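The following note is intended for a colleague who is meeting this structure for the first time. Please read the numbered points alongside the model.

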Amino acid sequence: MLLFAGIWTLADRTGRLEDRPSRIRVEIFPYSPRTRVVSLLAALEAKGFIVRYEVNGCKYIAITNWSKHQNPHRDEAQSTIPAPCSLPTQHGTSTVVAGLIPCTLITDSLEEPPPYDALGPVIPIRTAKDAGLLPPSTPAQAEEPAPRDGAVLYLSQYPVQVNQDSAARAYLSIIKTRKQHEELMAGLERHKVSTLWLDDAGELKLTEIAKWTPPDQFIIKRKCRDHPPPWAPRKPTKTDPYQAAIERARAEDARRPI
């Protein structure tokens, strides 16, 4: 527990410190104002890690078995905190005088203390979902599997019939749902009408497709997610007027009888 480790750094050379939950929280949890230090101290006390006692109206904490694990320097200042009559010799047993034994050390069960800290009641933080501001979440539905003949349909639509065995294996290992199948087919249709696969005349570049994007690599490299530019016929360029005049003159000379 982080609190137990922190109070070791706050205790004096005898393992005693003031029982002030607010100060302890500020020293150990400076950025956690909602930390329930009172509850955590009660839990440590119930398990026998610390003893909480009162002398002359002042409350103190003593860490059990402190002397077994610490060897203070001889020049360290002496403790100004009075000691309890005695400390527990081991976890679960105690030799403390009855007047100093907290009630939580008498019972074996650890009951959760009320939700109050030194700063007041602990108010639970309600999220937007708890407050009813968000619609209730619906359980996730299993996605529809890919069609059984999906690989056959894909290969039948591919423009080149190469590497079909490898493409079928790639389809079965990667395409698992209908959504993936539809994404694959949509990507294939985009490539069929793109400048990557069509030449200037609008014909498929079958040789280049078979060389660079065979059907198996189209699946493995996730080419279906690409959006290549669509093909469009080129607009005729304007003819040079001087060149056009020459062409008309040649045409007229060709029509003249010799």
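1. Beyond its neighbours within four places in sequence, Tyr-154 is in contact (heavy atoms within 4.5 Å) with Tyr-171, Leu-184, Met-185, Leu-188, Pro-215, Phe-218 and Ile-219. The model is a predicted one, in which local features need pLDDT of at least 70, side-chain atom pairs count only at pLDDT 80 or more, and totals for chains, interfaces and linings use all residues. Residues are numbered from 1 along each chain as its sequence is written, and side-chain values use heavy atoms, with hydrogens and water left out.

2. Tyr-154 belongs to the largest nonpolar core, which has 18 residues. Such a core is a set of buried Ala, Val, Leu, Ile, Met, Phe, Trp, Tyr and Cys residues joined through side-chain atoms within 4.5 Å, where buried means under 20% relative accessible area with a 1.4 Å probe, protein chains only. Tyr-154, Tyr-158, Tyr-171, Leu-184, Leu-188 and Phe-218 touch the most other members. Two or more residues each come from α6 (150–157), α7 (164–174), α8 (178–192) and α10 (215–220); helices are DSSP runs of H or I, at least four residues, numbered from the N terminus.

3. A second, separate core holds 16 residues, including Leu-3, Leu-17, Ile-28 and Val-37.

4. In the contact of α1 with α3, Leu-3, Phe-4 and Ile-7 of α1 meet Val-37, Leu-40, Leu-41 and Leu-44 of α3. The residues of this contact are seven nonpolar, no polar and no charged, with Ala, Val, Leu, Ile, Met, Phe, Trp, Tyr, Cys and Pro counted as nonpolar, Asp, Glu, Lys and Arg as charged, and the others, Gly among them, as polar.

5. Of the 258 residues of the chain, 31% count as buried.

Notes
Buried < 20%, exposed > 50% of the residue type's maximum accessible area, 1.4 Å probe, protein only.
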